[in-house]
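Here are some notes for someone opening this entry for the first time. Please read them with the structure in view.

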Amino acid sequence: WRRFVDRLVAFWVAMPGTLMEYIWGSRGRVIGHKIEHADPAVIIMNHRTRLDWLFFWTALYKMDPWLLISEKISLKAMLKYIPGAGWAMQSNAFLFLDRTFNTDRTKLDRMIDYYSNSGYNYQLLLFPEGTDKCPLATARSEKHARAKNLPHYDYVLHTRTTGFVHIVQRMRQNGYIKWLYDVTVGYGD
């Protein structure tokens, strides 16, 4: 079941990127180290728009199509209720978070244990900013920066580190992490 669903979802996620590139003429370029599909890893990525994951799927396909099979995404819990797509994401063992560490800790541990016991090596995509860079999130990030005497950022938000640290520690406990990738999606504007 796991092998079948991983591959089925990979075909599904290849479609939007293909449409963007060949129908609407979107162009992207991948620079840096190749992500290894055969090794368990954590991928952290900025979240400037609501479509960053879509561009990232295209980048994964360009690097190595097998990455579409081995990538798992952490998402806001409410997204699992989207008709059709929510079911597909749940079937593909994506990680749904409430973004409150006290409630998410158990989910994180359970899913990381599942991944490490599955016999497959997955790369877990995290958006440490917690949300996309919309005006409301930007205002919250600026308020947080002022309260903590941190610099204001123009293109990213201040990150949420508690879940990230927990995930990396749990994966280390399970001997299930080889790489930590830092991905930045940049836009022409």
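This is a predicted model: local features need pLDDT of at least 70, side-chain atom pairs count only at pLDDT 80 or more; totals for chains, interfaces and linings use all residues.

1. The largest nonpolar core has 28 residues. Within this core, Ile35, Phe56 and Leu60 touch the most other members. The elements that contribute two or more residues to the core are the helices α1 (2-22), α2 (52-63) and α3 (67-70), together with the strands β1 (41-45), β2 (71-76) and β5 (179-183).

2. With neighbours within four places in sequence left aside, Phe56 is in contact with Ile35, Ile43, Met45, Glu71, Leu125 and Val183.

3. The next item is the pair α1 and α2. Their axes are 9 Å apart and the helices pack at an angle of about 95°. An angle of 65 to 115 degrees counts as roughly perpendicular, so α1 is roughly perpendicular to α2. On the α1 side the contact is made by Val13, Pro16, Gly17, Met20 and Glu21, and on the α2 side by Leu54, Phe55, Trp57, Thr58 and Lys62. By type, the residues of this contact are 6 nonpolar, 2 polar and 2 charged.

4. Leu8 also belongs to helix α1. Is Leu8 buried, partly exposed or exposed? Leu8 has a relative accessible area of 47%, and is therefore partly exposed. From C-alpha to C-alpha, Leu8 and Ile35 are 21 Å apart in space, with a sequence separation of 27 residues.

5. The other helix pair is α5 (residues 101-117) and α7 (residues 162-173), whose axes come within 10 Å and cross at roughly 30°. Because angles under 35 degrees count as roughly parallel, α5 is roughly parallel to α7. The crossing of α5 and α7 is right-handed.

6. Which residues bring α5 and α7 together? From α5 come Phe101, Arg105, Leu108, Asp109, Ile112 and Asp113, which meet Thr162, Gly163, His166, Ile167, Arg170 and Met171 of α7. This contact is made up of 5 nonpolar, 3 polar and 4 charged residues.

7. His166 sits in helix α7. Its relative accessible area is 12%, so His166 is buried. Not counting residues up to four places away in sequence, His166 touches Phe101, Arg105, Leu108 and Asp109.

Note on methods. Residues are numbered from 1 along each chain as its sequence is written. Side-chain values use heavy atoms; hydrogens and water are left out. A nonpolar core is a set of buried Ala, Val, Leu, Ile, Met, Phe, Trp, Tyr and Cys residues joined through side-chain atoms within 4.5 Å. Buried means under 20% relative accessible area, exposed over 50%, partly exposed in between (1.4 Å probe, protein chains only). Helices (H or I, at least four residues) and strands (E, at least two) are DSSP runs, numbered from the N terminus. Contact means heavy atoms within 4.5 Å. Axes are lines fitted to C-alpha atoms, for helices over the stretch in contact, and angles run from 0 to 180 degrees between N-to-C directions. Angles under 35 degrees count as roughly parallel, over 145 as roughly antiparallel, 65 to 115 as roughly perpendicular and the rest as oblique. A crossing is left-handed if the near helix is turned anticlockwise from the far one by less than a right angle, and right-handed if clockwise. Ala, Val, Leu, Ile, Met, Phe, Trp, Tyr, Cys and Pro count as nonpolar, Asp, Glu, Lys and Arg as charged, and the others, Gly among them, as polar.
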